[in-house]
Amino acid sequence: MTEGREGRSMRAFLVRVGLVAGVMILSIVGATSPCSGSEAQASATSSNSVYAHSPYPVLFSAASVGPNPAVDPSASPAGANNWSCKPSAQHPDPVVLVHGLGATMAENWSTMSPLLADNGYCVFALTYGLDPGESYVGGVEPMEVSSHQLASFISKVLAATGAAKVDLVGHSEGTVMPQYYLKFLGGAAVVKRYVAIAPLYQGTTLYGLETYFPSLAEPIESVVASECGSCLEFVHGSAFLAHLYADGVYAVPGVTYTTIMSRDDELVIPYTSGELNAPNATNIVVQHQCKLDFSEHLTLAFDPVVGQDILNALDPADAHPAPCTLVLPGLGAPSFP
């Protein structure tokens with residue numbers, strides 16, 4: 001019997017929950033005041049702000065994903081993958097969006113893709129690392145494998161647009177896997193800016209549970225590795241991360257990094273795993289910008305504060321204050337703007 005759309009979506013959801021739970025079990029192996037009303041209004045009047053008027057509606061909520069988003073991994077988010085798009089003089093570098101573990105491009109970028117397109121960028125996105133048995137669950141192949149898929153996609157973008165370089169915007173796994181591309185596959189030569197949302201350059205300890213249940217580590221590791229080739233690579237101290245940063249370099253020279261973190265990130269432990277101490281890196285914690293922002297790991301991809309941070313990182317010459325509005329964990333900012 002053919003499985004229905006609802007069944008496939010539910011199964012995809014359960015797989016993603018299982019992946020996160022599996023990694024967590026394996027590991028068993030300050031803020032400033034909110035922006036003032038005048039600051040928010042200044043942002044609202046900017047042409048390069050999250051309030052921009054243009055053809056793609058931008059909903060700062062997980063509801064922007066829509067029904068059954070995982071059914072078709074080839075479905076593009078709004079505003080992305082217009083292969084006839086030619087970069088403007090103001091925004092000469094196409095933007096490539098790199099999703100996180102268990103997601104697809106349409107799921108991960110239903111907010112930020114239209115936002116970027118509305119602000120004049122040529123936007124491109126891919127679904128990478130698909131599970132052979134769950135063809136709508138991305139990012140589960142080993143990151144070494146996925147990085148080659150990213151390399152091929154970026155080559156296609158450059159050929160189609162005629163651009164010399166791209167800018168990357170990644171979320172979660174999309175902040176780690178591209179590092180392999182930058183360091184070992186020649187990516188640094190064709191990437192200008194790298195905006196990382198919920199980054200975990202140094203991996204995650206996931207509460208250090210392995211300290212308390214070391215006897216479970218080996219059998220759980222075997223099960224997780226068989227289902228998700230990338231999952232163990234995220235764990236702090238993994239062989240993948242040791243190889244990736246054997247030279248001690250986290251911020252690859254020649255690339256401008258902006259890392260956007262949440263103090264409330266429940267998957268990147270500690271959240272400071274996303275900090276880069278390098279002259280070519282800027283570190284942002286959303287709660288330091290806005291006390292009303294309670295975004296955790298997933299909600300950062302639907303956050304209007306993060307949206308303006310991304311725009312500022314990609315076009316620092318035309319940067320504007322990030323708005324400050326209530327952002328709820330798991331929900332986003334449904335009433336914004």
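Buried here means under 20% relative accessible area, with exposed over 50% and partly exposed in between (1.4 Å probe, protein chains only). This is a predicted model, where local features need pLDDT of at least 70 and side-chain atom pairs count only at pLDDT 80 or more, while totals for chains, interfaces and linings use all residues. Residues are numbered from 1 along each chain as its sequence is written, and side-chain values use heavy atoms, leaving out hydrogens and water.

**Helix H10**
- Helices (H or I, at least four residues) and strands (E, at least two) are DSSP runs, numbered from the N terminus.
- H10 covers residues 304-314 and is mostly covered, with 11 of its 11 residues buried.
- Among those buried residues are Pro304, Gly307, Asp309 and Leu314.
- Asp303 caps the N-terminal end of H10, with a side-chain oxygen 2.7 Å from the backbone nitrogen of Val305.

**The largest core**
- A nonpolar core is a set of buried Ala, Val, Leu, Ile, Met, Phe, Trp, Tyr and Cys residues joined through side-chain atoms within 4.5 Å.
- The largest one has 40 residues, and Val96, Ile154 and Tyr257 touch the most other members.
- Its biggest share, seven residues, comes from H5.
- Apart from it sits another core of 29 residues, including Phe60 and Leu311.

**Helix H5**
- The buried residues of H5 include Met143, Leu150, Phe153 and Ile154.
- What covers the buried residues of H5 includes E1, E2, E3, H6 and H8, going by contact, meaning heavy atoms within 4.5 Å.
- Just after H5, Gly162 takes a positive phi of about 75°.

How values were computed: Polar contact = N/O pair within 3.5 Å; in protein donor to acceptor, adjacent residues only side chain to side chain.
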